Each structure stands twice: as structure tokens, then as C-alpha cells.
Amino acid sequence: MMPALWNGISGMNAYQNALTAESNNVANINTVGYKADTVSFADQAYTNGVGKGAQAGIVTKDFGQGDFKLTGADYDLAINGKGFFTVYDSDKAETLYTRAGNFRIGSDGTLQTANGFNVQGLSVGTTPTVTSTHATVNVMSYPFTETISSQVIETQNEIKTINAKSTDYVQTAVTDGISGSTYKTASAKISDAIALTTAYNSALSSYAASPVAGTSPVAQVDSIAFTSFATDLTQTGDYIEVVVNGNSFRQEFNTDAQTTMNMFADKLSTIQGYDASADTAGNITITSLIPGSDLSTGSAKINNAAFNVTTTTAAVSGSGLANVDAMQAALSTSIQRAGGDFINMVNTLDLTTETSLTFTNIQMKLDSLNISANQFGEPEIDNGVLYLKQGENKFLVGKVTVAAFTDQKELEPIGDNAYAVTEAAGTAVSMAGISSVLSNTLELSNSQLSEGLVNLMVYQRAFEANSKLFSAADEFLNIAINLKK
């Protein structure tokens with residue numbers, strides 16, 4: 001009778017645990033990222049072939065993928081595949097793990113869980129690489145109102161954004177310079193900056209498609225020796241002429257031969273993307289301001305006398321980062337020439353630290369990252385990579401990463417949708433390139449209500465049956481005791 005009593009007690013104890021676990025599943029049917037408790041039973045030791053009851057239910061987590069819900073919320077993220085978001089409880093100085101991606105921005109600007117744990121990942125840091133026209137230009141206080149470019153560059157080892165801005169050079173450009181040498185009209189300066197902006201963006205796009213070191217471009221220089229200009233340009237009706245890129249440019253005689261030559265060079269300097277100069281020996285030099293672009297010069301003449309055009313430096317196209325750097329330098333010079341200021345900002349994520357799980361808090365305020373005086377940006381998240389957009393500029397700020405364990409069932413659930421590491425779970429490893437992070441999406445609980453309710457009824461009946469077993473064994477024991485009377 002005593003073994004039967006023990007069997008009833010062990011069964012009641014096991015199904016009590018099972019009821020508790022299954023009721024927890026039902027209670028968390030709407031908990032984001034919740035993983036259902038599963039209960040397993042085992043029989044106990046045997047004596048002469050007779051069992052000693054059931055072991056109390058062993059409860060483990062079912063880490064099967066939950067359904068996804070598209071929420072549209074900016075910082076809602078979900079893991080598609082195995083793994084966990086890494087978070088940090090600053091109160092307990094403890095690294096934890098969660099599947100719940102209902103994140104928010106904390107008061108200090110860091111990405112946090114709903115209960116205030118700091119989300120861990122890669123950060124661009126607070127020292128972006130800045131190139132500007134003047135050493136004194138400060139992106140945090142200077143009025144850079146014009147977006148020049150914004151480009152994302154991805155390689156195996158890093159991700160970076162390149163953003164260029166300028167002041168409003170259309171308003172600051174003025175006509176100035178020395179005739180025949182450095183003379184440039186305001187409209188020509190604006191035109192040159194526009195042409196170089198197009199060339200710079202083209203170089204950036206090519207670099208993004210093939211991010212290699214590349215080679216530097218070479219700007220073309222053409223020259224024409226009008227050796228007889230002093231005797232050929234002497235009176236009204238005389239002229240000097242040349243065809244550049246299919247367009248004819250002519251300067252009529254004005255005052256004297258040298259003045260005419262200077263004015264001719266000034267006229268050629270109005271061609272978009274080119275500079276021209278004249279010297280006292282009658283040499284006209286035309287230089288491309290856009291490195292690598294071809295210059296077609298021909299049909300040079302004074303009146304009806306033809307002169308040869310010599311390409312003293314041929315154009316050479318550039319490639320990769322070297323081409324980008326050359327275009328950037330040329331663009332910066334043209335904007336500065338138009339009275340403006342130029343700034344280029346590079347934000348970089350080192351992906352090599354991702355595999356070693358070297359993480360930190362992720363700052364989401366642009367002013368705290370020294371990117372913009374305006375802290376706010378419109379978030380855009382691509383497979384865990386975090387960007388903030390301001391107007392046409394898109395700034396890289398960080399990356400949320402995924403870590404996994406050898407035996408995730410050995411993680412210890414501690415509440416608040418979080419798990420603590422145990423020795424049995426193993427060491428965390430990066431899931432970069434294996435699991436993906438979905439944006440504007442949450443992973444729902446994988447607890448099934450219908451299955452949970454059925455299990456609750458089964459466990460309830462089993463508990464009742466074991467209680468009757470206990471009662472029956474108790475009656476047997478009473479009968480045996482009463483036999484002495």
C-alpha cells in the first residue's frame with residue numbers, strides 16, 4: 001500500500017507542475033517573443049518489476065519560431081531563425097538575451113528594451129571622419145543646407161555611409177578674378193559645382209557597386225599656341241575661335257591683341273566644368289575641372305588661319321575609392337570657389353568585431369554622435385543595420401546583432417522576456433549571415449491557445465485520477481490497520 005500511496009503523490013506532484021507550466025503558456029499567449037514551456041514526464045525506479053510512480057514534470061522551453069506580425073513601428077525587430085538579441089541590465093551589471101524585439105529609445109538616446117535593458121550591438125561611435133573646406137568648419141554649428149550626396153558602402157568587413165553637404169553656394173557665388181587668368185563668372189562657378197556634384201555622385205555609385213581601392217583619375221589639359229596673335233588681332237573684324245565639345249566659341253577683336261586673348265580665355269572659362277587661361281606668348285590653355293572627363297578641342301583659328309590643338313595631358317578615368325577622393329577634392333574646390341563651404345562625413349561600422357561579439361550600447365541621437373545639431377532622424381533598419389535619415393542624408397549609426405548558444409534550452413528564463421546564460425548553455429556565438437533581423441516586425445508568442453487548453457484539461461483529469469489513486473491506497477492501508485482489531 002505504501003508504494004501505491006507514493007505513486008499517487010508523485011503523479012499529483014508531476015501534474016501539478018504540468019498544470020503550472022501550461023497555465024503559464026496560456027497566460028503568455030500575447031507576450032512578445034515568448035517561448036512556450038514544454039513538460040516531459042518520466043517513470044521512476046522499479047523494485048521487482050513494480051514502478052515507483054512518475055517523476056515530477058521537467059519543464060523546458062520550446063524555441064520554435066513564432067509567427068511574425070508586421071507592426072510598422074520604427075524600432076520593432078524580430079529574429080528570423082535561431083538566436084537572441086543581446087541586452088544589458090545596467091542595474092545588475094549583467095548581459096542577458098531575449099527574443100522580444102519591441103525596442104524603444106531611452107531618455108539617454110540609447111536603444112533599449114521595453115523594460116529598460118540596453119540593446120547591445122555595434123556602434124559607429126562619436127568621432128565620424130570629417131573632411132571640409134576649412135579646418136574651422138563644424139558640422140554641429142555650421143549652416144550646411146544643401147545635400148550633395150548620401151551613399152551606403154558595404155564590404156565584407158565594414159559598412160559605411162558617406163554624406164556630403166554644402167552651404168548655399170548659389171547665394172554666395174560672385175564674379176571675380178583676373179581676366180585671362182583666374183576670371184570666372186558667378187553663373188560659371190555655380191555651373192561648375194553642379195557638374196562636379198554629378199561627377200562625384202557617379203563616382204560614389206560606382207564605388208558602392210565595386211568597393212575597391214581603385215586608381216586616381218587624371219584631368220585633361222589642351223593647349224593652343226596662337227603664335228601670330230599679336231599681328232593677326234589688330235583691328236575691328238578680326239576674331240579668334242575654337243570648337244570645344246562640339247560648341248563654337250568666338251571672340252571679336254577688342255582694344256588690343258592681348259585684351260582680346262584674355263577675353264577669349266574668359267569666355268572659354270564659362271564652359272561647364274572647364275577653366276581657361278591666356279599668356280603673353282599667345283598660348284591658350286583649357287583644363288578640365290572634372291578629373292577623367294574627355295575634352296574635345298579643335299578647329300582653332302584666328303580669322304581664317306588655322307592652329308593646331310595639343311593635348312598636353314590626356315584624360316585618364318579613375319576607379320574605386322581613389323576616384324571618389326579625387327572627385328571630392330575637385331568638388332570641394334569648386335564650392336569654395338563659389339563662396340561656399342563643403343563638408344564630407346564618413347560613418348563606419350567595423351564588422352570584424354561582430355564575430356567576436358564585442359558589443360556596446362547603441363546611441364540613436366545624432367547630436368550625441370556628433371553627426372548633426374538636430375538629434376532627430378527618421379529610422380531605417382535593414383537586417384539589423386540602423387540608419388537615421390535627415391532629409392536626403394542617410395547616416396549609419398549602428399547594428400543590432402544576433403547571438404546563439406550550443407544548447408539554448410539550458411538558458412535560464414528570468415522574466416522580463418530575458419534569459420541568463422548558464423554553463424550548460426555553452427558560449428555565445430555570432431549568427432551574422434545565418435539568422436536575419438526583420439524590421440517593423442515582432443515575433444509573437446509560440447504558445448498555442450488551443451493546445452494549451454487541451455493540455456490543461458488532460459492534466460486536470462490526470463491530477464484527479466492520481467488523487468483517487470491516493471485515496472484508494474489510503475483505504476487499503478486503513479483496512480490493513482483494522483485487521484488487528
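Start with the rings: this structure holds eight aromatic pairs (rings of Phe, Tyr and Trp, the last by its six-membered ring, pair if their centres lie within 6.5 Å; planes under 30 degrees apart count as stacked, over 60 as edge-to-face and the rest as tilted). Before you click on, know that this is a predicted model, where local features need pLDDT of at least 70 and side-chain atom pairs count only at pLDDT 80 or more, while totals for chains, interfaces and linings use all residues. Residues are numbered from 1 along each chain as its sequence is written, and side-chain values use heavy atoms, with hydrogens and water left out.

**Stop one: Phe-63 and Phe-84**

Select Phe-63 and Phe-84. Their rings make an edge-to-face pair, 5.5 Å centre to centre with 85 degrees between the planes. Phe-63 lies in the loop between strand E4 (54-61) and strand E5 (68-70), and Phe-84 in strand E7 (residues 84-89), so the pair ties together parts that are 21 residues apart in sequence. (Helices, H or I with at least four residues, and strands, E with at least two, are DSSP runs numbered from the N terminus.)

Buried or exposed: which is Phe-63? Phe-63 is buried, at 13% relative accessible area, and Phe-84 is buried too, at 0%. (Buried means under 20% relative accessible area, exposed over 50%, partly exposed in between, using a 1.4 Å probe and protein chains only.)

**Stop two: Phe-226 and Phe-264**

Here's another edge-to-face pair: Phe-226 and Phe-264 are 6.5 Å apart centre to centre, with 75 degrees between the planes. Phe-226 sits in the loop between strand E15 (221-225) and helix H4 (229-232), and Phe-264 in helix H5 (residues 257-268), so this pair links parts 38 residues apart in sequence. Phe-226 is buried at 0%, and Phe-264 is buried at 0% as well.

**Stop three: charges over rings**

Select Arg-250 and Tyr-239. The charged end of Arg-250 sits over the ring of Tyr-239, 3.7 Å from its centre. (That calls for NZ of Lys or CZ of Arg within 6 Å of the ring centre and within 35 degrees of the ring normal.) Then hop to Lys-394, which lies over the face of Tyr-387 at 4.5 Å from the ring centre.

**Last stop: Glu-423**

Glu-423 is in the loop between strand E30 (418-420) and strand E31 (429-430). Glu-423 counts as exposed, at 81% relative accessibility. Pick Glu-410 as well: its C-alpha atom is 8.3 Å from that of Glu-423, and the two are 13 residues apart along the chain.
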